[in-house]
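Thanks for coming. Please have a look at the screen first.

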Amino acid sequence: MAVSFVSLSVIGITRADDTAKQVSQIVARIQHADFAGDQVAMQKGYDDLQPFLENMAFASRIRYWRGFAQWRRAINGFNDSIDPKELEQNLKTALDEFKIATEKDPTFVDAKVGTISCLGYLAFMNRQDQARAKELVGQIVPLVKEATDIAPDNPRLIWVRGPILWNTPPERGGGHDKAIENYQRGLEVCSKIKTSNDPLEPSWGKPELMMSLAYSYLNTTPSDVSAAERYARTALEVFPHWHYVRDILLPQILTAKAKAQ
């Protein structure tokens with residue numbers, strides 16, 4: 001009996017390892033597709049995770065990465081002029097996945113991070129409908145407080161707080177300077193923390209913070225195109241195939257730089 005129990009335990013561990021490996025490979029493809037702006041590949045990654053939904057050991061993380069795929073489809077779609085109705089559906093699908101991820105693991109802050117960002121994009125898309133936008137912002141505020149209370153130094157939380165600060169008037173504690181300070185703090189945090197070796201645990205954030213600093217320095221008043229270019233090129237050193245930074249943001253920065261000379 002003891003031998004049989006040990007054998008079954010080994011089989012169970014092996015199967016779990018195999019599942020984790022398969023899921024990790026899909027997650028890596030989703031993240032690569034995100035940087036490449038590959039809508040088809042992001043959707044494929046979302047679909048490829050479908051067979052693993054009933055795996056209780058990884059349920060919250062699988063749901064998270066499915067949500068991530070749809071969330072990033074929407075973010076990339078904003079940059080590439082995708083139909084707003086499709087983007088809204090991407091965001092709603094992502095919210096559904098993040099909601100289940102949170103239900104599976106209430107302590108999973110990164111699912112809340114994704115939720116905050118998706119709600120923020122929906123609020124932006126519905127800005128002409130003040131009642132709807134106010135309702136969405138009302139959902140964001142307590143989530144930000146909850147996530148910040150749990151993990152104030154989560155780089156991904158710091159990143160999604162950036163647009164909130166950027167769009168909040170200075171008299172209410174926000175403004176462009178506050179957003180830039182926030183992103184800078186995020187980079188400082190990244191230099192001090194040790195990321196998880198578990199590929200299913202979210203560890204992204206540093207390149208996104210660099211990208212956001214590049215965008216912020218370009219679009220603040222007065223702009224700092226030298227700082228914007230520096231952060232954009234540093235981000236591209238990490239991910240040379242980053243579609244948004246390489247094909248959209250950096251050309252905007254270089255155009256502004258040429259005009260300033």
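The axes of helix 9 and helix 11 come within 11 Å of each other and cross at roughly 30°. Axes here are lines fitted to C-alpha atoms, for helices over the stretch in contact, and the angles run from 0 to 180 degrees between N-to-C directions. Helices (H or I, at least four residues) and strands (E, at least two) are DSSP runs, numbered from the N terminus. At that angle, helix 9 is therefore roughly parallel to helix 11. Angles under 35 degrees count as roughly parallel, over 145 as roughly antiparallel, 65 to 115 as roughly perpendicular, and the rest as oblique. The two helices pass in a left-handed crossing, meaning that the near helix is turned anticlockwise from the far one by less than a right angle, whereas clockwise would be right-handed. On the helix 9 side the contact involves M211, A214, Y215 and L218, and on the helix 11 side Y244, V245, L249, Q252, I253 and A256. Contact means heavy atoms within 4.5 Å.

Before going on, a word on what we are looking at. This is a predicted model, in which local features need pLDDT of at least 70, side-chain atom pairs count only at pLDDT 80 or more, and totals for chains, interfaces and linings use all residues. Residues are numbered from 1 along each chain as its sequence is written, and side-chain values use heavy atoms, with hydrogens and water left out.

How confident is the predictor, in terms of mean pLDDT? The mean pLDDT of the protein is 93, and 94% of its residues reach 70 or more; pLDDT is the predictor's confidence in each residue, from 0 to 100.

Helix 9 covers residues 206-219 and helix 10 covers residues 225-238; their axes come within 8 Å and cross at roughly 155°. The pair is therefore roughly antiparallel, and the crossing is left-handed. From helix 9, the residues P207, M210, M211, L213, A214, Y217 and L218 meet V225, A227, A228, Y231, A232, T234, A235 and V238 of helix 10.

In the loop between these two helices sits P222. The peptide bond leading from T221 to P222 is cis, with omega near -5°.

Next, helix 10 against helix 11, which spans residues 243-260: the axes come within 10 Å and cross at roughly 155°. Helix 10 is therefore roughly antiparallel to helix 11. Their crossing is left-handed. Helix 10 contributes V225, A228, E229, A232, R233 and L236 to the contact, and helix 11 contributes V245, R246, L250, I253, L254, A256 and K257.

**Single residues**

Buried means under 20% relative accessible area, exposed over 50%, and partly exposed in between, with a 1.4 Å probe and protein chains only. Leaving aside neighbours within four places in sequence, S216 is in contact with W166, I180 and Y183.

At the other end of the numbering, T19 lies in helix 1, which covers residues 2-36. With 12% relative accessibility, T19 is buried. Apart from neighbours within four places in sequence, T19 is in contact with F52, N55 and F58.

G45 belongs to helix 2, residues 39-48. It is buried, at a relative accessible area of 5%. What does G45 touch, leaving aside its neighbours within four places in sequence? The contacts are I26 and I30. The C-alpha atoms of G45 and R156, which are 111 residues apart along the chain, are separated by 21 Å.

S81 is in the loop between helix 3 (59-79) and helix 4 (84-104). S81 has a positive phi of about 60°, although it is not a glycine. With a relative accessible area of 67%, S81 is exposed.

Last, the cysteines. C118 is buried at 0% relative accessibility, and C190 is buried at a relative accessible area of 17%. How many disulfides does the structure hold? It holds 0, where a disulfide is a pair of cysteine sulfur atoms within 2.5 Å.
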